[in-house]
Amino acid sequence: MASPDSDDPRPPCAHAQFDVGSTDDSLSRMVQDGAEFGDIYRVHAPGRNSDTWVIADPDTIKRVLVSNYRNYTIGVGLDRVRILVGDGIIVSEGEVWKRQHRMMQPMFQRSRVERFGQLIADINRRRLASWAEKAASGEMLNVTRETSESALEVVLRATLGADFDRLLGDLGANPFAMLTEEAARDLRFAFRFRQLGKHIESVIARREASATADAPRAADAAGDGDDDWLAMMMAARDRRDGSSMSHRELIDEVMSIIVAGHETTAAVLNSVWYLLSQHPEVEAKLHAEVDAVELADLRLSSLESLHYTHQVILEALRLYPPVWVLTRRCIHADRLAGYQAPAGTDVFMSPYVVQRDPQHWPEPDEFRPDRFGAGAESAAHRFAFIPFSAGPRHCVGETFATYEMAIHIYQAARQFRLRCAHSGPREMEARINLRMRDDVLMSVERRG
Ligand code: HEM
């Protein structure tokens with residue numbers, strides 16, 4: 001095996017060749033290869049006719065994502081996402097990304113995020129009414145479908161405000177429902193998803209027309225819901241040159257927010273309910289916390305005071321990170337863990353692999369939210385826990401997602417307990433996001 005001191009300045013090479021990230025078995029291969037080749041190795045990717053370097057060493061991850069991030073683009077891993085979101089912020093690079101980030105980052109600041117608390121709680125309240133019916137009738141709840149529909153409604157209402165209901169009324173159905181109704185994420189799906197941009201375009205045009213009619217200052221074209229994300233993006237001006245976003249850019253960013261914010265949050269909530277049903281002692285501790293607190297308001301700080309609830313969310317994110325692989329490509333040669341990576345090297349890092357590495361997480365496959373208690377093992381290495389990535393390209397929606405998940409769990413766990421007939425580990429599917437292969441069905445019991 002090569003080492004940094006040997007004559008071969010490259011890390012060990014896995015036996016099998018494959019296009020890491022592009023095959024359905026990529027994650028299981030990465031787990032196997034990591035066990036055999038360690039924290040840094042390379043795989044020949046025939047499709048790209050180049051080596052991919054796979055890294056699971058926290059210090060090297062830190063170098064790629066943070067200390068030397070200027071030397072990296074996001075590279076090849078997001079090709080499939082690019083079809084869904086065009087040139088949106090998730091996939092853009094260089095000056096284009098910097099401008100998008102400058103214009104969009106304020107939308108996700110704490111004070112802005114907090115304004116959506118009531119919206120999220122109202123959506124949950126409506127949806128939990130159907131849980132109550134199921135508790136009474138004994139009908140099973142499809143938790144995967146439920147968390148997916150709930151997260152989709154949140155992201156669509158936060159983005160489009162009152163225009164979401166207008167779209168439902170005009171079209172007679174939610175055009176974005178394909179995200180919850182269809183499991184495939186293939187090219188056909190991507191093409192049909194892109195077509196939905198025309199509905200966003202019609203909302204933008206209507207808002208601009210009504211702003212022009214109300215006051216001839218297109219610069220303030222914010223429509224009815226001037227607190228929603230689309231309104232914020234329409235009103236945003238780049239502080240460098242005062243420019244606004246074009247229609248194309250607005251559509252791509254709306255699609256990006258929907259893609260980034262829906263399936264990720266839904267997958268974590270799905271995992272949380274499944275894991276709670278398998279661990280009654282954790283569930284009891286969570287119940288004790290949510291029962292003890294009567295939240296008079298939905299301030300972010302109030303939700304953040306639910307410490308154990310957050311530990312449960314973090315532990316679910318550790319075991320089942322929806323974004324299971326992060327990709328970068330180095331611009332100039334770089335030295336990684338003592339090896340010389342040539343310019344243009346693709347570097348892949350898997351939150352799933354590093355977050356289950358026994359070097360950093362004792363009994364890594366166990367669900368133990370206490371790991372995230374004060375002074376606990378999670379403090380061991382910051383870069384062994386990267387579900388939201390790190391550095392300048394880390395998830396801009398992290399605060400929103402955590403707030404949304406905490407409100408959901410707080411409201412639902414105070415009233416209901418979910419029980420699952422299935423026990424033991426679930427089969428996972430690592431495509432654009434990591435999710436459970438089969439829907440999770442549970443019975444609903446009313447508490448207290
Ligand atoms: C549990 C839920 C979520 C997880 C685990 C998650 C994870 C991530 C990760 C790992 C990245 C960075 C990828 C990289 O470094 O290459 C990312 C980026 C991003 N996320 Fe999230 N995300 C979540 C929820 C959300 C939500 C709710 C939104 C918005 C409503 C959002 C918006 C974004 C955006 C816009 C980016 C691109 C940021 C940039 O490149 O500047 N995410 N997310």
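This is a predicted model: local features need pLDDT of at least 70, side-chain atom pairs count only at pLDDT 80 or more; totals for chains, interfaces and linings use all residues.
Which exposed residues does the face of H14 turned away from its buried side carry?

Numbering starts from 1 along each chain as its sequence is written, and side-chain values use heavy atoms, with hydrogens and water left out.

1. **The iron.** The protein gives the iron atom of the ligand a single donor, Cys395 (SG), at 2.3 Å. Donors here are N, O and S atoms within 2.8 Å of the metal (3.2 Å for Na, K and Ca), and water is not among the atoms, so sites may look incomplete. Cys395 sits in the loop between helix H17 (351-355) and helix H18 (398-415). Helices (H or I, at least four residues) and strands (E, at least two) are DSSP runs, numbered from the N terminus.

2. **The shell around the ligand.** There are 28 residues around the ligand, and Trp97, Arg328, Ser389, Arg393 and Cys395 come nearest; a residue counts as near if one of its heavy atoms lies within 4 Å. By class, the shell has 19 nonpolar, 7 polar and 2 charged residues. Nonpolar covers Ala, Val, Leu, Ile, Met, Phe, Trp, Tyr, Cys and Pro, charged covers Asp, Glu, Lys and Arg, and the others, Gly among them, are polar. Helix H4 (94-104), helix H13 (247-278), strand S5 (326-330) and H18 each supply at least two shell residues, with the largest share, 6 residues, coming from H13. Polar contacts (N or O pairs within 3.5 Å; within protein, one atom must be able to donate a hydrogen and the other to accept it, and residues adjacent in sequence count only if both atoms are side-chain atoms) are worth a look too. Oxygen atoms of the ligand are 2.8 Å from a side-chain N or O atom of Trp97, 2.7 Å from a polar side-chain atom of Ser389 and 2.9 Å from a side-chain N or O atom of Arg393.

3. **Helix H14.** Back to the opening question: Pro280 and Ala292 are the exposed residues on the face of H14 turned away from its buried side. Buried means under 20% relative accessible area, exposed over 50%, and partly exposed in between (1.4 Å probe, protein chains only). The buried residues in H14 are Val282, Glu283, Leu286, His287, Glu289 and Val290. They lie on the same side of H14 because they cover an arc of only 165° around the axis, the arc being that of the directions from the helix axis to the C-beta atoms.

4. **Helix H10.** In helix H10 (residues 187-195), Phe189, Ala190 and Phe193 are buried. These buried residues fall within an arc of 100° seen down the axis, so they line one face of H10. Leu187, Arg188 and Phe191 are exposed on the other side.

5. Most residues other than glycine have a negative phi. Ser389, not a glycine, has a positive phi near 65°, and Glu363 has a positive phi of about 45°. Are they buried or exposed? Ser389 is buried, with a relative accessible area of 10%, whereas Glu363 is exposed at 53%.
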